[in-house]
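The sequence and the structure come next, followed by the text.

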Amino acid sequence: MPDQSDPVVPPWLTVSADPPARDSAVLAGAGSRTRAALFTEWAARLDFPDYFGRNWDAFEECLTDLVAERPRTLVVTDAAELLADEPPEQLGILLGVLDTIAAGAADPTAGPALRVLLHPGPADPDALRRRIGAALA
């Protein structure tokens, strides 16, 4: 039984320093410290369409479309910096969007269509897990 102090993360999300799969999209946590920077970084790396509206609804729509094309693994490097200059609620919104996409795209026979791997970088992985757990609470 897990310790009650251990944060519970969804099955599509992993905090690990393991190397990413070759077909992963690599996103820079250091380049995603604010919501505006996250939208810019992820739109560029994931090749969002030019009409991307740079808000959470448009982000969810564009990412949902990508995942519908084929399963995706997103790797965030230096993930401890992800939305670090924003109020904690913004990380919660991002995780909620990712959770919605992962749940909506799940295929029981093929597994999740969206996986997210957070590389903590030089930061403490347990601190990142706690931050994620707090954002999901």
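Helices (H or I, at least four residues) and strands (E, at least two) are DSSP runs, numbered from the N terminus. The model is a predicted one, in which local features need pLDDT of at least 70 and side-chain atom pairs count only at pLDDT 80 or more, while totals for chains, interfaces and linings use all residues. Residues are numbered from 1 along each chain as its sequence is written, and side-chain values use heavy atoms, with hydrogens and water left out.

**Overall make-up**

The chain has four helices and four strands, and their order along the sequence is β-β-α-α-β-α-β-α. Of its 137 residues, 37% are buried (under 20% relative accessible area; exposed is over 50% and partly exposed in between, with a 1.4 Å probe and protein chains only). Taking contacts (heavy atoms within 4.5 Å) between residues at least 6 apart in sequence, 72% join residues at least 24 apart.

**Aromatic rings**

There are seven aromatic pairs in the structure. Rings of Phe, Tyr and Trp (its six-membered ring) pair if their centres lie within 6.5 Å; planes under 30 degrees apart count as stacked, over 60 as edge-to-face and the rest as tilted. Two of the pairs are listed here.

| Pair | Centre to centre | Angle between planes | Type |
|---|---|---|---|
| Trp 42 and Phe 59 | 5.5 Å | 55° | tilted |
| Trp 56 and Phe 59 | 5.6 Å | 85° | edge-to-face |

Trp 42 belongs to helix α1 (residues 35–45) and Phe 59 to helix α2, so their pair ties together parts that are 17 residues apart in sequence. Trp 56 and Phe 59, by contrast, both sit in helix α2, three residues apart, which is about one turn of the helix. Trp 42 and Phe 59 are both buried; the relative accessible area of Phe 59 is 0%. Trp 56 is also buried, at 11% relative accessibility. Ring pairs join Phe 39, Trp 42, Phe 48, Phe 52, Trp 56 and Phe 59 into a cluster.

**Helices α2 and α3**

Helix α2 (residues 56–69) and helix α3 (residues 88–104) have axes that come within 10 Å and cross at roughly 30°. Axes are lines fitted to C-alpha atoms, for helices over the stretch in contact, and angles run from 0 to 180 degrees between N-to-C directions. On the α2 side, the contact is made by Trp 56, Phe 59, Glu 60, Leu 63, Thr 64 and Val 67; on the α3 side, by Gln 90, Ile 93, Leu 94, Val 97, Leu 98, Thr 100 and Ile 101. These residues divide into nine nonpolar, three polar and one charged (Ala, Val, Leu, Ile, Met, Phe, Trp, Tyr, Cys and Pro count as nonpolar, Asp, Glu, Lys and Arg as charged, and the others, Gly among them, as polar).

**Loop residues**

Gly 29 is in the loop between β2 (25–28) and α1, and is buried at 0% relative accessibility. Its C-alpha is 4.7 Å from that of Ala 79, although Gly 29 and Ala 79 are 50 residues apart in sequence. Leaving aside residues up to four places away in sequence, Gly 29 touches Val 76, Thr 77, Asp 78, Glu 81 and Leu 82.

Asp 78 lies in the loop between β3 (72–77) and α3. Its phi is near 45°, a positive value in a residue other than glycine, and Asp 78 is partly exposed at 26% relative accessibility.
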